[in-house]
Amino acid sequence: MKKQWETFSSEETEAIGEKMGQATKPAQIYSLDGDLGVGKTVFTKGFARGLGVTEHVTSPTFTIINEYLGRIPLYHFDVYRISSEEEMDDIGYEDYFYGHGVSLVEWATLIPNLIPKDAIHITIEKDFEKGDDYRRITVCQGEEA
């Protein structure tokens, strides 16, 4: 499975996230990658809304993980500040990854050995030639990533 979308506003990026959140199942893991400021948290806000989360969604840059309650619990990781995969053990990542909720991991390429082979990989990219608000969102599952 490989899908690609092009968005031209943060609202469109959020809407793609919302559709994916509506379709997700318990115990699914998503890796979410892209440069700083590309819209990972915007996407996550939509994803959370698709899960029925009503809380304000923010990036867990300094807390590493934010938990939200919706029809399925959402565990939103930001591992940008993790210096080693061992630090993920310290926060008990396995309880989140292999529990009943959905884990969405920003900067997952920094912890490649911890992301399961069947994870869904999402990459968000900018292309300034197509405009400041343009984003290309690519979704692959498992080995295709």
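The following legends accompany close-up views of a predicted model.

**View 1. Lining of the second largest pocket.** The second largest pocket has a volume of about 260 Å³. Its lining comprises 13 residues, and those nearest the centre of the pocket are Lys3, Met20, Ala23, Tyr30 and Ile120. Strand S1 (2–7) and helix H1 (10–23) each contribute at least two residues to this lining. The largest share, four residues, is supplied by H1. By residue class, the lining consists of eight nonpolar, two polar and three charged residues.

View 2. Ile64 is located in the loop that links helix H2 (40–50) with strand S3 (65–68). Although Ile64 is not a glycine, its phi is positive, at about 75°. With a relative accessible area of 12%, Ile64 is classed as buried, because the cut-off for that class is under 20%.

View 3. The loop between strand S5 (102–106) and strand S6 (120–126) contains Trp107. Here too the residue is not a glycine, and the phi of Trp107 is positive, near 65°. The relative accessible area of Trp107 is 13%, and the residue is therefore buried under the cut-off of 20%.

**View 4. A nonpolar surface patch that includes Tyr80.** Leu36, Tyr80 and Leu110 make up a nonpolar patch on the surface. Together these three residues present about 310 Å² of accessible area. Tyr80 occupies the loop between strand S4 (74–78) and helix H3 (85–90). The relative accessibility of Tyr80 is 36%, so this residue counts as partly exposed, a class that lies between the limits of 20% and 50%.

**View 5. Tyr96 and its separation from Lys117.** Tyr96 belongs to helix H4, which spans residues 93–97. Tyr96 has a relative accessible area of 18%, and it is buried because this value is under 20%. In sequence, Tyr96 and Lys117 are 21 residues apart. In space, the C-alpha to C-alpha distance between Tyr96 and Lys117 is 16 Å.

Definitions and conventions
Residues numbered from 1 in each chain as written. Predicted model: local features only at pLDDT ≥ 70, side-chain atom pairs only at ≥ 80, totals over all residues. Heavy atoms only, no water. 1 Å grid on protein atoms, 1.4 Å probe; cavity = no way out; pocket = protein on both sides within 12 Å on 5 of 7 lines; lining within 4 Å. Points joined across faces, edges and corners; volume = space filled by probe spheres on them. Nonpolar A, V, L, I, M, F, W, Y, C, P; charged D, E, K, R; others polar. Buried < 20%, exposed > 50% of the residue type's maximum accessible area, 1.4 Å probe, protein only. Patch = residues over 30% accessible without salt bridge, like charges linked within 9 Å, V, L, I, M, F, W, Y side chains within 5 Å. Areas by Shrake-Rupley, 256 points an atom, 1.4 Å probe, with all protein chains shown as cover. Salt bridge = Lys/Arg side-chain N within 4 Å of Asp/Glu carboxyl O.
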